[in-house]
Amino acid sequence: DRFLRRLEAMMIVADREKTLVLTGTGDVLEPERDVMGIGSGGNYALAAARALLDTDQNAEQIARKAMSIAAEICVYTNTNVVVEALDSSR
């Protein structure tokens, strides 16, 4: 379909071992480090998350704090965050 050829969408997918970004054009991207960010405040959240990696916080705490920092900087990012976490017992 002509409209889907340039789909400008991105999605972060992850499991315990791997994190990837899937793009609307079919590209699969790997992070340079252990975190990724997408969206209007993605670069701000990415910078904050990289800084927080050296703390003793878990992944969810780092993600929430990084999004909070991004929301303070980027006018298009808000503080309404939903975190989907995988069950660590599996």
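Start by selecting Thr-77: at 12% relative accessibility it counts as buried (under 20% relative accessible area, with a 1.4 Å probe and protein chains only). This is a predicted model, in which local features need pLDDT of at least 70 and side-chain atom pairs pLDDT 80 or more, while totals for chains, interfaces and linings use all residues. Residues are numbered from 1 along each chain as its sequence is written, and side-chain values use heavy atoms, without hydrogens and water.

Thr-77 sits in the segment after α2 (59-73); helices are DSSP runs of H or I, at least four residues, and strands are runs of E, at least two, numbered from the N terminus.

Now show its surroundings. Leaving out residues up to four places away in sequence, Thr-77 touches Ser-40, Gly-41, Met-67, Ala-70 and Ala-71 (heavy atoms within 4.5 Å). Draw the 3.4 Å polar contact between the side chains of Thr-77 and Ser-40 (N or O atoms within 3.5 Å, one able to donate a hydrogen and the other to accept it; residues adjacent in sequence count only if both atoms are side-chain atoms).

Next, the sheet. Three strands run in the order β1-β2-β3, open and antiparallel; strands pair if DSSP finds at least two bridges between them. β1 (10-14) and β3 (28-29) are the edges, each with a single partner strand, so one side of each lacks a neighbour in the sheet. Select β2 (residues 19-23): 2 bridges join it to β3 in the antiparallel sense. Val-21 stands opposite Leu-29 in β3.

Technical notes
Buried means under 20% relative accessible area, exposed over 50%, partly exposed in between (1.4 Å probe, protein chains only).
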